[in-house]
Structures are given as C-alpha cells and as structure tokens.
Amino acid sequence: MSAFASKGFNANAYLALRPTYNKALLDWLLEYHVGQRTYAADIACGPGTFTTDIAKRFNSVVGVDPSPSMIESATRDASTRGLSNIEYMMGSGEKLPLEAGSVDMLTVMQGVHWFRIQEFLAESLRVLRPDGTLAMVGYGYPQISNWPDEMGGLGFSQKLATDRFMLEPYWDKGFRLIDDMYAPLLSEMQTNGCFKDIRHVGFPTAASAAANNIAILPETWIDSKAMSFDAFRAYLKTWSAYKAWKDAHPEDRDIIDAYFDKHQQEFGISGDNNVTVTWPLFAIVARKSL
C-alpha cells in the first residue's frame, strides 16, 4: 500500500496543490481511442483530479484507489461539482473491482509506478473490452521556469528528490519508472503480445526523451502553475517520499523546511515571492488486441 493510503495523509492538500491536466490531454486520448464511450475507469484516481474530466466525456466513470482519504475527498469533490455519473471504490491496480470486458478506456495518472506491473497489465487486459484503450500518464520533477540559475532553477526540486542524503532513499522502488520516463514499462508491454498500436509520447523536447525514442507532443497536457514559494514548499510536501521520511523521522527538523529555509536565507527569497512551476510529462497508450 502506498504512502498515500497510510494514516495521516492529507488528501485535501493533495487535491489543492497537485498539478492539473488540461483539455489537450483528454482530446488527444479521445482522438486515439476507438469505439464507444460508455464506461471508463481511472485507476489510482487519488482525489479524482482526472476522473472528473473523463466524466464529462463518458457516460459513466469509476475511480479506483486504495486510500480511504482519497476516496472520501474525490467523492466530496464530485458531489460539489454536481457530477452524478462517477462512482468511487476502494481497490488496487493488481486486483481491480471491475467486471471482465466492461471498460472502454482505462487510465492511470501518475500512479502506475505503485503497481506490480505484470499483475496490473493482466488485470487491464481482463477488464478492457477488445480494442479498449489503456492510457498511463506520468510527470517528472517540477521545474521552476522563472527562477535564477544560481538557485537551482530547473533542478531545485530534483536535488531534493534525488540526493541520497535527502529524499532519494524514501521513494518507492517503482518510482524509477518515473525517472526512466516509463521506458521499462514500454518494453514490458511490447513483449506482452496482447497490446497493439502502442505509443510512447512526452513533452517537452529533451535529451532524455530523444534517448528513449519518445514522440514529442505539440503541446503540454499539464498546465503551468503560478504560486508563491510557500505554496511550492507545501506542494513538495505532498510527495510520497516526504510522507515516508516524516514517518521515519517524527522528531527531526522537517527536511523540506530546512531545504527551503536555507535557500531563502542565502538568496534573500520571501515565502510570498511568486514562481511559475511546470512539469515534464510522458505517457504510454495502447489498445487491447482482439
């Protein structure tokens, strides 16, 4: 079970602070998708960030997540939005609470790295109808696009995430899929033999994308966010690695606060200074073979 399903996780903060997907994502997926739009499933749905978008384009949608607080937050949000065609239920990627051959499109947004991949792919094939779409979208470390180079700029959050003396030891081992932009997952699907029309796409153009033979999208699927430096600090505290660090060091000085305070003092940065945050993204989409 992920850190998000553990006691003390704040799903409301996750919903408020995490990046959101724009219209271009669903438009692209629906252009790729073939057949009916009767029933979609959003797995590792979290607080329903993308589930609510799908609900506007499919007859009915189910969101599945192992975290009770996520399900509670998602249900409340759907009710507030007046979306009556969404159902949320507890479940895991390895044992989906869905009928065989019932799903037209199955999505996973920034969640597939939590799964045991072979079991999840088998479950996806079980619940998808023939020609049904499987879409797995992820994003990398947030980048501050309007920040001075001497303060880390694009690498500010990446250092926090990947330094072995900071949060690197606290990521789930599956998070390497994120670092590799889902390339190992692509190989797994290609050798599976039960998927067709597999596409590996991403944004923006980058050397890592070229190295992994990722097709570059014409536009991003994730909106940039303008926020205060304090809000960016709060966003990084929604990371699962931070939750794992907190659980392991309940009496220590907060590791993210220490990192931010150091940089703010060194560069004279105020917590209410505005920053613009962007996220590099990548995705694998495929259809279930007949």
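Buried means under 20% relative accessible area. The model discussed here is predicted.

Q: Are Trp171 and Trp239 buried or exposed?
A: Both Trp171 and Trp239 are buried.

Q: Why is the pair of Trp171 and Trp239 called tilted?
A: Ring centres must lie within 6.5 Å to pair; planes under 30 degrees apart count as stacked, over 60 as edge-to-face, and the rest as tilted. The centres of Trp171 and Trp239 are 5.3 Å apart and their planes meet at 55°, so the pair is tilted. It is one of 18 aromatic pairs in the structure.

Q: What makes this pair a link between distant parts of the chain?
A: Trp171 sits in the loop between helices H6 and H7. Trp239 sits in the loop between H10 and H11, and 68 residues separate the two.

Q: Why is the pair of Phe232 and Tyr235 called stacked?
A: Their ring centres are 6.2 Å apart, and the cut-off is within 6.5 Å. Their planes stand at 25°, and under 30 degrees counts as stacked, so the pair is stacked. Both residues lie in helix H10, three residues apart, about one turn of the helix. They also belong to a cluster of linked ring pairs, with Phe156, Phe229, Tyr259, Phe260 and Trp279.

Q: How do you know that Phe232 and Tyr235 are buried?
A: The cut-off is under 20%. Phe232 has a relative accessible area of 0%, so Phe232 is buried. Tyr235 is at 1%, so Tyr235 counts as buried too.

Q: Why is helix H2 described as largely enclosed by the rest of the structure?
A: Seven of its 10 residues are buried, so the description holds. Among them are Leu25, Trp28 and Tyr32. Cover for the buried residues of H2 includes helix H3 and strands S4, S5, S7 and S11.

Q: What caps the N-terminal end of H2?
A: Asn22 does. One of its side-chain oxygens lies 3.0 Å from the backbone nitrogen of Ala24; a polar contact needs N or O atoms within 3.5 Å.

Q: Which residues touch the most other members of the largest nonpolar core?
A: Leu106, Met136, Trp221, Phe232 and Trp239 do, in a core of 95 residues. H2 gives the largest share of this core, seven residues.

Q: Why are S6 and S9 called edge strands of their sheet?
A: The sheet is open, with three strands in the order S6-S10-S9 and antiparallel pairing. S6 and S9 each have a single partner strand, so one side of each lacks a neighbour in the sheet.

Notes: Residues are numbered from 1 along each chain as its sequence is written. This is a predicted model: local features need pLDDT of at least 70, side-chain atom pairs count only at pLDDT 80 or more; totals for chains, interfaces and linings use all residues. Side-chain values use heavy atoms; hydrogens and water are left out. Two strands pair if DSSP finds at least two bridges between them. Helices (H or I, at least four residues) and strands (E, at least two) are DSSP runs, numbered from the N terminus. Buried means under 20% relative accessible area, exposed over 50%, partly exposed in between (1.4 Å probe, protein chains only). Contact means heavy atoms within 4.5 Å. A polar contact is a pair of N or O atoms within 3.5 Å; within protein, one must be able to donate a hydrogen and the other to accept it, and residues adjacent in sequence count only if both atoms are side-chain atoms. A nonpolar core is a set of buried Ala, Val, Leu, Ile, Met, Phe, Trp, Tyr and Cys residues joined through side-chain atoms within 4.5 Å. Rings of Phe, Tyr and Trp (its six-membered ring) pair if their centres lie within 6.5 Å; planes under 30 degrees apart count as stacked, over 60 as edge-to-face and the rest as tilted.
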